[in-house]
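Have the model open as you read.

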There are 2 protein chains.
Amino acid sequence: MSDRYASFAHTGAGRALVRRLGLPDPPRLRRYRPGDPLIHGPVRLDAAPGGRLREPLATLLATAGIELSTEAQMTSGAPVPGGAPMSGGAELTGGADVATGLGVSAHGEATGARPAPHGALLYDATGITESTGLRALFDFFHPLARALHPSGRVIVFGTPPESCASHREATAQRALEGLIRSIGKEFGRGTTAQLVYVAPSAERAVESTLRFLLSGRSAYVSGQVVRITPADVPEVDWARPLDGRIALVTGAARGIGAQVAEVLAADGAQVVALDVPAAGDALAEVANGVGGTAVQLDLTAQDAPVRLAEHLADRHDRVDIVVHNAGITRDKTLGRMNPDWWDQVLEVNLSSQERINEVLLDRGLIPHGGRLIGVSSIAGIAGNRGQTNYATSKAGVIGLVHSMAPLLAQRGITINAVAPGFIETRLTARIPLVLREVGRRMNSLAQGGLPVDVAQTIAWFASPGSAGITGNVVRVCGQNVLGA
Amino acid sequence: MSDRYASFAHTGAGRALVRRLGLPDPPRLRRYRPGDPLIHGPVRLDAAPGGRLREPLATLLATAGIELSTEAQMTSGAPVPGGAPMSGGAELTGGADVATGLGVSAHGEATGARPAPHGALLYDATGITESTGLRALFDFFHPLARALHPSGRVIVFGTPPESCASHREATAQRALEGLIRSIGKEFGRGTTAQLVYVAPSAERAVESTLRFLLSGRSAYVSGQVVRITPADVPEVDWARPLDGRIALVTGAARGIGAQVAEVLAADGAQVVALDVPAAGDALAEVANGVGGTAVQLDLTAQDAPVRLAEHLADRHDRVDIVVHNAGITRDKTLGRMNPDWWDQVLEVNLSSQERINEVLLDRGLIPHGGRLIGVSSIAGIAGNRGQTNYATSKAGVIGLVHSMAPLLAQRGITINAVAPGFIETRLTARIPLVLREVGRRMNSLAQGGLPVDVAQTIAWFASPGSAGITGNVVRVCGQNVLGA
């Protein structure tokens, strides 16, 4: 489970060798610890003219106590490295009236050849209504491209193409995807880059996402596109957002599931940890560790949904958060696969989850504000040799999210999924060395993720603040090169 | 431009070495030559119960003179390799009443341990209405997984999830993506695998796609999802589908553009080959070679759209097919990029194309039955280091296709794009050896594609038979591992 290469590369001798040989240089990622600020260093926020998100974002950042750097600081001093003129920058980026409303950074003295280092670069691109306007992004990012702290953040905000007023605007907004995915591959040093599409009237629903993406909780999430829809967002205690919530976590005895139980509990949830009877001891340990309860149940049993529903009704009256984490692999090429292996994988990873959702929903056990969260996989997106069964089931999880989101929206319930990439677990530890090394490094962060990275992403979906997030599938893969 | 490794691997000595060392083994792909049959060997067609496509597909195949193998042949004889029982297969695959309507193959004597080899395996999955029904796919493909000729074809037909009657059905239909992408990575030997979503009432619009995907024209297309919508499809002369059509091809002087001009002309189109004045000689050669005309024009000039429109109006009264192939790269990391490089790439690859579309459409030069075809890129899907400008422009092309498709549908015009992967051209020939080798092999076919592969895909979009194909972005990448 340990990445010895990365540990070595972080030593003095290791670092020297890595540089001399041009080996992969996995940065030490900034991960969340309780009490950490959301982000280190000032945040730069700018907008294309007419952007509707600059002011709401500035307000959110101010409320979160984040210092903003002003435009003046950025362009003062000597020419920016790279030698490009800043022509048009001031006009294109919205004017000083908004900028002066923002806080002044402690790094305000920067007058050298480089702009002061930033924790994050945020750009509101909602004002861009045609492709020629995309130049504003160049003007914003070009001088700042090398002015990010390690584990810095790039977030571009746009309008969902499907909500745009014209095809010209939709085209320009869709183009943003190419930019952020390239930045994710280019900036390095642990920087992550995301595109957040905020639907009209969804400006108020953006806070949980902004906080997640800035923080160390999203350390291994990069190159992703998130959609936010209008929603009534309640007051959230950001220190313990899940206080008073009942969270069911399946497959909780070990690995990612155990970590999900821990993170949800740390965020205040009361956890119902579920796993098969054979994993009873490990499950009890997890449940005790998080002050939750354990349920031993084989979810593929015919009566499992009803028994689970009765348990939840008896003990808690409801379940606010359902994390369908239980999943199995039975790898074999299709021509050599036993039919039972097909059935088992489809049953555990997809069909049983559908039955459970239906029984819980039919019995009214998932209240308004409920959260359904699935676990897909890179294999479900890209397919994988020897995993026809697994990839089919995990593609089905994406179908489940997309097809149920509009139905559940009527009941105030969201449904989303994570799609993990290479995560360091007992399973990946068993992969032969060379393959494991390749799998680990083939992403923008040049390392595998940790179970906690998946768990934190699930916790973001689970937050009451994420009422506007539904129908999303977000990869937790360090922007793995594999895809479709 | 030549893949010396593949040429070597195809020799006797090369093949032996490749096998001994476990090196990549790029198969010799079956590519289209005039007069070729659509497919070699019998085609197996089956359906989940209730499938609405089996009969239309059987009729289309019969009309095309393709022999179908029957179910009986497949399951006769000794056990199938892999040892899996065929339990349930007969019930799940639709019954003999339909099967007996199909032609009998010349390979009908197969009674050995393996099923007779097939040219293609087609499965109508539209009858699958919930995830438990996905087992029918296992039952169909498991015994046949190793019974495909080299460059065989796997095509699964489904219902677009967004058109499904229930969320259960939508989930199961979406799951098909995971299956075909895994099959594409698993079957090998030049096999391609695709998922074709046929909307209800679009059954008649499927023929051009069926022919394209079976034939050698789609040699380098794999792991793709195609959507077909209802449309009035005219009678098509499949030998010369573009007879009488006027086709504008930009960037036609060399590379992919020159090949597009050739293929469209071979399919019967009258080609207007366009390129910048500096490429005049090469352009003239292409135009003369295909019996078309040459237009020298810098498309980024302010008056270019109007001059082009006037030229087309004067000479041809209209333009039926517009292939926006012209594109440039100006690679540099964002921090070091010259602003002119950003502007030039966005202008050539995206903005000028939008202006040209608008002028041609405003002047009514693109008639009912018209075809707009763009060229995106893997970089536009996955992003790329050093290509923020290019990736943004190519993601914009995807946005253009998605946003204009519904608008153009009202005028009977389609819009689609290809997204090439690693294609052997002058540009890729300049990539340093090791990087080029990696780029070439990182796909399911273990080789680069040829310009003709992109051109044939464009010709499929251009066909009058493809009236039901709009809003699609199809990768021509041999199922490259890179994606998003």
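## Where chains A and B meet

The rule finds 6 salt bridges across the interface of chain B and chain A, a salt bridge being a side-chain nitrogen of Lys or Arg within 4 Å of a carboxyl oxygen of Asp or Glu. Please keep in mind that this is a predicted model, in which local features need pLDDT of at least 70 and side-chain atom pairs count only at pLDDT 80 or more, while totals for chains, interfaces and linings use all residues. Residues are numbered from 1 along each chain as its sequence is written, chains are lettered from A and ligands numbered from 1 in the order in which they are written, and side-chain values use heavy atoms, with hydrogens and water left out.

One salt bridge joins A:Glu354 to B:Arg168, with 3.7 Å between the closest N and O atoms. On the side of chain B that touches chain A, the elements giving two or more residues are helices H7 (135–141), H8 (167–186), H13 (339–362), H14 (378–382) and H15 (388–409) of chain B; helices (H or I, at least four residues) and strands (E, at least two) are DSSP runs, numbered from the N terminus. H8(B) supplies the largest share of that side, 13 residues. By class, the side of chain B that touches chain A has 30 nonpolar, 25 polar and 15 charged residues, where Ala, Val, Leu, Ile, Met, Phe, Trp, Tyr, Cys and Pro count as nonpolar, Asp, Glu, Lys and Arg as charged, and the others, Gly among them, as polar.

Contact (heavy atoms within 4.5 Å) takes in 70 residues from chain B and 70 residues from chain A. Of the interface residues of chain B, 100% are also interface residues in chain A, so the copies meet through the same surface.

How are the copies related? Chain B can be laid on chain A with an RMSD of 0.0 Å by a turn of 180° and a shift of 0.0 Å along the axis, using a least-squares superposition on the C-alpha atoms of residues with pLDDT of at least 70 in both. The two copies are thus related as by a two-fold rotation axis. B:Gly483 is the residue of chain B that comes closest to the rotation axis, its C-alpha lying at 1.8 Å.

## Inside chain A

Chain A is divided into domain 1 (25–228) and domain 2 (246–476), with bounds from an automatic or database domain assignment. Contact between them takes 22 residues from domain 1 and 27 residues from domain 2.

Buried area is the accessible area (1.4 Å probe) that two parts lose on being put together, summed over both. Here are the values for the two contacts:

| Parts | Buried area | On carbon and sulfur atoms |
|---|---|---|
| Chain B and chain A | about 5800 Å² | 59% |
| Domain 1 and domain 2 of chain A | about 2000 Å² | 55% |

In domain 1 of chain A, A:Arg31, A:Arg217 and A:Tyr220 lose the most area to domain 2, together 34% of what that side buries. A:Arg217 also meets A:Asp267 in a salt bridge (3.3 Å, N to O), and the count between the two domains is 2 salt bridges. Helix H8 (167–186), helix H9 (207–214) and strand S6 (224–228) of chain A each give two or more residues to the side of domain 1 that touches domain 2. The largest share of that side, 5 residues, comes from S6(A).

Finally, A:Arg168 forms a salt bridge with A:Glu130 (3.0 Å, N to O). This pair links distant parts of the chain, 38 residues apart: A:Arg168 is in helix H8 of chain A, and A:Glu130 is in the loop between strand S3 (118–124) and helix H7 (135–141) of chain A.
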